[in-house]
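Subject: Structure for you, with notes

Hello,

Here is the structure you asked to see. My notes follow it.

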Amino acid sequence: MEGETLLKVENLGKHFGGVQAVFNVSFVLRKGEFLGVIGPNGSGKTTLVNLITGFVKPDSGRVIYRGENIAGKKPYTIAGLGISRTFQMVRLFYNLPAYKNLIIPLSSSRVKKLRGGKYGERDDVAVDLLDDMGFERDSFVPYKLAGSLPHGYLKRLDLARAMALRPDLLILDELFSGMAMSEVASTLPLIEKFHEEGLTIIMIEHRLKELFRVVDRVFVLNFGEKIADGSPQEVMSTEAVKKAYLGIEVEIG
Amino acid sequence: MAEVGARYRKKRLDRGIKARADTIFAIASYKEILYLLLPRALPVITLLVLPLLLRGYWGKVLVYSCIVGLLALSWDFLASCGLFSLGQSLFFGIGAYVAGTLSYYFHWSPVLTLPIAFLGGGLISAVLLSPVLRLRGVYFAMVTLMMPLLFMKMIETTGLLGGSHGLSALVPFPNDWVARYLAVGAFIIVLFIFRRVINEDYGLVLKAIRDDDRAVMSAAINIYWRKTQALFVSGAVGAFAGAFMTHHYQFVGMTVFALDYSILPLAASALGGPGTFAGPALGSMILVPLSETLRALGGLRIALYCFILILSVIALPEGIFHYIERKYHQFEKLVRIG
Amino acid sequence: MSLLIYGTISSIVLALYAAGFSLTYGISGLANFAHGALYILSGFIAWSLLNQVELPYFLSAILSIVISGFIGFAIYWGLLLRVRGIPLAELVVTFAAGVAILELLMWKGFYGIQYSLPLFVEGGIEIGKVAVDYQRLFVIGTGVVLVILLYLFVHYTKIGLAFRGMAQNERTALSVGIESDWIGSLSLAFGSALAGVAAIVILPMGLMESAIGYEVLIYALAVAIVGGLESTPGIIVASFILGFGQVATAKFLSAKWMIIVPLVAIIFVLVIRPSGLFGKYKELEERI
Amino acid sequence: MKNKVLLIFLAAVIGVSFSVIFAPSMAFSSPAEPIIVGVPTSIYTPFGRDGLKAVNMAVEEINAKGGVLVGKEKRPLKVVVSDTRDGEPTTPVHDALMAYEKLILEQKPHATVIAPFRSETIIASMDLVAKYKVPQLQTIAQTPQFQVKFRTDPEKYKYLFRVTTDAAIDAGYLSGALDALKADFGLNKVYFIPQDTLWALGFVGVLRKHCEKTGWQEIGYEPYAAGATDFSPGLTKAKEGKAQVIAMVWDVPLGAGIFSKQWAAMKVPAVVVGFVPPMAAPDAWKTVGKDVEYSIHVEFPVGASVPLKRLPKTVEFLDKYQKKFGKLPEAAAVNSSAYDSVYILAAAIERAGSLDPDKLVTALEQTDYRGVGGRLRFNKDHIIVFDSNPEETGVCVVFQWQKGKRVPIYPAFLAEGKVALPPWMK
């Protein structure tokens with residue numbers, strides 16, 4: 001699928017003390033593309049996300065989003081440009097009701113621009129969003145304290161929080177980790193739906209099976225370096241990847 | 001009751017008036033309306049009546065309580081977005097000097113100086129402290145602690161703004177009633193505006209910044225700008241308090257930056273329960289009259305605040321307001337065991 | 001010449017003020033706002049031991065240092081234990097404790113001309129036509145020795161290494177069996193003792209007054225902010241900047257502008273490099 | 001459990017405070033209702049502490065004689081104290097004013113003596129006094145701002161009186177001592193170190209003018225902040241410039257103490273002349289050390305701490321004081337004023353025959369009282385006139401430490417010795 005370039009990462013690099021977390025990584029992401037990022041633990045996936053979203057300042061390289069270099073910009077600026085992310089360890093406001101969690105992104109200037117948030121309306125919007133995520137509006141779930149919700153719900157709440165920004169690029173950092181099979185099964189279609197609606201998505205995942213079902217392209221990191229990039233089939237057939245994932249054989253469905 | 005206690009036990013229940021969220025109520029009767037209004041109406045009425053009852057010195061004390069109350073409120077507003085100040089006297093002093101200068105050199109009346117001090121004070125505070133906002137942890141507290149003390153020394157040594165002699169014989173309030181009701185009024189208004197704002201989306205964001213600034217940033221919200229706004233609001237309120245005292249005593253001197261104006265609000269907030277505004281307000285209404293009754297002790301009073309402060313931080317972190325609130329919303333009944 | 005000498009002196013005085021504070025903070029992340037109070041308190045303790053218990057000067061000096069160390073220790077176990085780990089609560093408690101101490105001193109009437117520690121050695125000498133009294137030279141000596149000792153202590157003794165472990169990473173330190181509360185209390189004790197040392201060498205140059213407690217705290221904080229909270233070199237450099245700055249202003253401008261120096265320095269540093277000259281810039285640079 | 005305890009504690013606290021709020025003000029009536037004399041001052045400072053002792057002494061003496069005659073009946077005096085704490089530089093002036101106001105509103109004093117310590121508190125309190133019309137006889141603060149503000153509205157501020165000297169007077173006396181030094185030993189190099197507050201600057205200002213006129217050579221003039229803690233720069237300059245006299249005026253104990261010690265330690269070969277309480281105090285020999293020897297100080301007014309053979313009243317006062325309290329007053333200033341002010345007040349009340357403030361003020365204005373400080377009369381600014389003749393005005397004295405004794409050396413009619421030059425300057 002040929003679309004205009006949305007995000008262009010050029011030999012990005014970052015090290016913490018001695019550890020080279022990300023080394024000279026480059027890739028191009030087209031509009032409407034669904035990119036999966038995989039790699040063994042500690043291969044720098046999360047750091048890559050932090051670099052793109054501005055939570056960590058890169059030592060070298062550029063991140064070009066819609067033609068402008070956003071490397072080293074503040075996280076809120078980047079988010080304001082439409083790059084929204086979820087966290088591997090969900091960051092939520094546990095002492096707020098679930099739906100109130102969405103008020104924070106909804107009251108950002110970006111959303112104001114896109115949606116014109118008049119007072120009082122936001123609560124309804126929040127509840128709608130949660131309804132889409134599977135928090136039935138008429139149950140008590142959306143109004144419960146976030147802290148009292150089970151882990152699966154929190155993950156989806158985090159996703160809802162990310163979506164509340166009306167992002168152009170959604171980055172999912174191991175969304176499925178710790179989710180029950182059934183929850184994954186119910187969440188995956190949501191994400192596919194977003195994609196079909198034209199949202200560009202980067203998905204970092206350990207559950208290769210689910211990942212490969214939805215992504216167009218996969219991109220493998222190992223020790224902070226890109227070792228493969230391409231369609232799931234070709235990627236998994238390359239030697240390097242086989243070595244990296246020693247012993248894991250994946251059937252591609 | 002002993003034999004009752006044998007076969008019954010106490011059971012605490014929340015009054016079932018709240019539906020779903022905190023903001024949504026299911027009101028069934030006048031009784032419940034009263035139940036909701038009483039805790040809000042009662043203090044207001046009391047505060048409005050007190051100036052008429054109190055004679056002589058205790059009228060002054062009421063005014064002073066309100067001033068400290070304002071400082072405590074401004075402290076709590078800052079704290080609500082994670083900015084922990086040890087120097088409310090900075091805001092107090094800035095306001096006092098803005099008003100004092102205008103009144104001394106241009107003989108402007110409070111009608112002008114108070115609003116100017118309110119806005120100007122907020123502005124100055126925000127500009128002065130905005131660099132610190134980028135830092136985490138104790139930095140903000142440290143800087144806010146030193147700033148006023150350094151300002152005090154600076155005015156003393158350089159002789160600027162009247163130096164150690166201060167500016168005196170400033171324009172007073174027309175009469176005592178104006179002063180009293182101005183203080184009480186400002187106090188009530190600020191209290192209710194703050195309580196309202198903090199439950200709005202705006203306040204929600206502020207509290208979110210306190211809880212987890214990264215998550216807020218990932219929601220495309222410029223936390224530094226929000227913090228600066230909070231700084232402005234808090235500074236403005238503190239400055240108003242200072243300006244008021246300036247006119248009330250027709251004098252402003254370097255000691256408006258003194259530690260007392262930082263400790264009192266802090267102690268009041270810790271005692272009443274930070275994060276609720278009602279708590280700090282309540283706290284100052286207790287602490288100031290208390291300290292006046294103990295004036296004979298001289299310097300010991302300050303020490304006493306400190307003990308109260310320590311005690312409430314260690315023993316009752318939630319503050320007395322939360323406690324009262326909880327008690328108000330719960331009722332106990334005896335239920336038969338088994 | 002006199003600029004050099006007196007600049008050095010006041011720099012070292014500042015360093016002594018700040019040393020204890022930053023030591024405690026560097027080790028256990030405790031901002032001990034009772035520092036100034038402990039400083040002047042140990043001064044008064046020494047005074048009472050000297051004039052009321054009538055111990056020899058040397059003994060009462062040592063004792064007062066030890067005592068203030070113990071007070072720090074006690075503050076930790078008595079007050080801080082329950083709020084440990086909540087930085088702001090810690091801060092309020094220490095701050096309140098400090099102010100309480102100062103006000104109690106004031107209230108007990110420790111105020112007046114008679115409260116002053118005698119000089120260690122009367123008189124002074126001339127260094128290149130600049131008169132310096134022995135006490136001030138002694139201050140310089142103490143400062144230098146102290147820094148060296150601290151370095152050795154932190155780098156070569158078991159407990160010192162434990163301190164560093166705690167400073168670097170609390171969790172791992174715990175995992176290798178370093179007991180956090182124990183270290184924390186010790187760090188506070190050491191910090192307080194250092195305050196005591198500073199008091200003993202500096203106070204004889206003048207009178208004692210509980211108001212000094214606040215001043216010491218201010219300067220300690222100023223130095224810490226300018227230098228960067230937990231970095232020892234930062235403290236030293238900062239105190240030299242401020243010290244020489246002040247003396248220079250006194251010499252070339254006028255004595256009354258001295259106080260402006262720290263204020264300007266702080267504002268400047270905060271604008272240029274908020275975490276201090278040598279401080280690690282802790283804004284977002286952490287893995288999440 | 002802890003919470004319960006805390007809450008009980010708080011409940012008690014609230015109870016107490018409110019019971020006090022609504023309690024009617026205590027107005028017990030006895031056959032002869034006492035005349036209330038308020039003392040709103042900072043009772044921790046040497047000035048306030050010893051001044052208060054002096055006041056109590058005077059009151060006891062008067063009551064022993066049966067009290068003060070108001071109209072027909074004799075009424076005793078009663079002292080009520082309120083600590084303004086304003087001696088501590090960290091105390092907010094507002095707080096001091098509240099303490100003062102509390103005293104006025106709750107104790108209802110008929111007049112106040114001594115009054116606050118710091119100049120700015122006095123200046124600020126003037127409006128308070130004018131508002132409540134309670135005559136105030138202040139005996140500590142000497143700021144020239146008093147006259148300035150007084151003149152802006154004499155009618156409004158008429159309730160304020162000052163029973164002590166003005167900085168200019170003290171300076172005048174010191175210039176006399178300087179002249180002596182010049183005449184006897186040909187000293188002519190002076191270095192000025194005033195405390196950077198109005199009264200001290202005024203004080204030294206007068207000295208400087210005098211020195212210019214009389215051909216002294218000014219080595220340097222360096223005001224220090226009242227909170228200063230290091231005088232080495234100034235002292236070094238003085239030493240480098242070969243100053244023979246260091247004119248020092250300082251009232252804050254801390255700085256003064258540091259100065260004394262530094263001056264001693266640095267062995268600056270010069271005579272200290274001025275007002276440095278720690279060096280002038282009776283026990284300076286002990287606290288500061290033998291180095292105070294030969295230093296010259298002014299005492300205002302006479303009788304504050306140095307007994308003068310030529311003025312029996314001062315000896316009498318200080319003897320009584322020493323008998324009563326065990327030691328002489330600490331500061332070489334204003335203690336006798338506090339003592340005199342009570343008698344002035346009593347006399348005025350008897351003249352007025354009533355306690356009505358305005359009548360009292362008129363009576364006070366006619367004051368002509370021969371007290372410890374000399375003959376005390378108010379000028380149009382409500383300040384006691386001081387000059388050089390105890391028969392006509394109030395007087396001060398200049399003394400020098402000689403062999404551990406404080407020897408009056410100036411003016412001539414009070415001198416008990418001649419000014420001496422330190423051996424290390426010959």
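Two residues are in contact if their C-beta atoms, placed from the backbone, lie within 7 Å. By that rule, among chain B contacts between residues at least 6 apart in sequence, 79% join residues at least 24 apart.

Some housekeeping. This is a predicted model, in which local features need pLDDT of at least 70 and side-chain atom pairs count only at pLDDT 80 or more, while totals for chains, interfaces and linings use all residues. Residues are numbered from 1 along each chain as its sequence is written, and chains are lettered from A and ligands numbered from 1 in the order in which they are written.

**Chain B**

Chain B has 14 helices and four strands. Helices (H or I, at least four residues) and strands (E, at least two) are DSSP runs, numbered from the N terminus. Of the 338 residues of chain B, 58% count as buried. A residue is buried if 20 or more other C-beta atoms lie within 10 Å of its own, exposed if 12 or fewer, and partly exposed in between; these C-beta atoms are also placed from the backbone.

One helix pair here is worth a look. Helix α4 (residues 88–105) and helix α6 (residues 139–158) of chain B pack at about 40°, with axes 7 Å apart. Axes are lines fitted to C-alpha atoms, for helices over the stretch in contact, and angles run from 0 to 180 degrees between N-to-C directions. α4(B) contributes S89(B), L90(B) and G93(B) to the contact, and α6(B) contributes T144(B), M147(B), P148(B) and F151(B). By class, that makes four nonpolar, three polar and no charged residues. Ala, Val, Leu, Ile, Met, Phe, Trp, Tyr, Cys and Pro count as nonpolar; Asp, Glu, Lys and Arg count as charged; the others, Gly among them, are polar.

**Where D meets B**

How many residues does each chain bring to the contact? Chain D brings 39 and chain B brings 37. On the chain D side, the elements giving two or more residues are α1 (2–22), α3 (93–107), α4 (119–132) and α5 (145–152). α1(D) gives the most, with eleven residues. By class, the chain D side has 19 nonpolar, nine polar and eleven charged residues.

**Inside chain D**

Start with α3(D). Twelve of its 15 residues are buried, so α3(D) is largely enclosed by the rest of the structure. Among the buried ones are the charged residues D95(D), E101(D) and K102(D). The end C-alpha atoms of α3(D) are 21 Å apart, which agrees with the 21 Å that 15 residues should span at 1.5 Å a residue. That expected span is 1.5 Å times one less than the number of residues. K108(D) follows α3(D) and has a positive phi, near 50°.

Next, α7(D), residues 198–213. Its 16 residues reach 23 Å from first C-alpha to last, close to the 22 Å expected. Its buried residues are L198(D), W199(D), A200(D), G202(D), F203(D), V204(D), L207(D) and C211(D). Their cover includes α4, α5, α6 (167–185), β8 (189–194), β9 (217–221) and β10 (245–249) of chain D. G215(D) follows α7(D), with a positive phi near 75°.

Chain D also has an open sheet of five strands, in the order β4-β1-β5-β6-β7, with parallel pairing. β4 (77–83) and β7 (160–162) of chain D stand at the edges with a single partner strand each, so one side of each has no neighbour in the sheet. Neighbouring strands of the sheet are turned by 25° against each other on average, direction ignored. Two strands pair if DSSP finds at least two bridges between them. Two bridges join β1 (residues 35–41) to β5 (residues 111–114) in chain D. One partner pair there is V37(D) and A111(D).

**Chain A**

Chain A is divided into domain 1 (1–82 + 170–253) and domain 2 (94–166). These bounds come from an automatic or database domain assignment. The domain centres, taken over C-alpha atoms, are 25 Å apart. Eleven residues of domain 1 are in contact with twelve of domain 2. On the domain 1 side, α2 (75–80) and α8 (181–196) of chain A give two or more residues. α8(A) has the largest share, four residues. By class, that side has six nonpolar, four polar and one charged residues.

β1 (residues 5–16) of chain A runs antiparallel to two strands. Eight bridges join β1(A) to β2 (residues 19–30), and T5(A) stands opposite R30(A). Five bridges join β1(A) to β4 (residues 60–65), where V9(A) partners V63(A).

Best wishes
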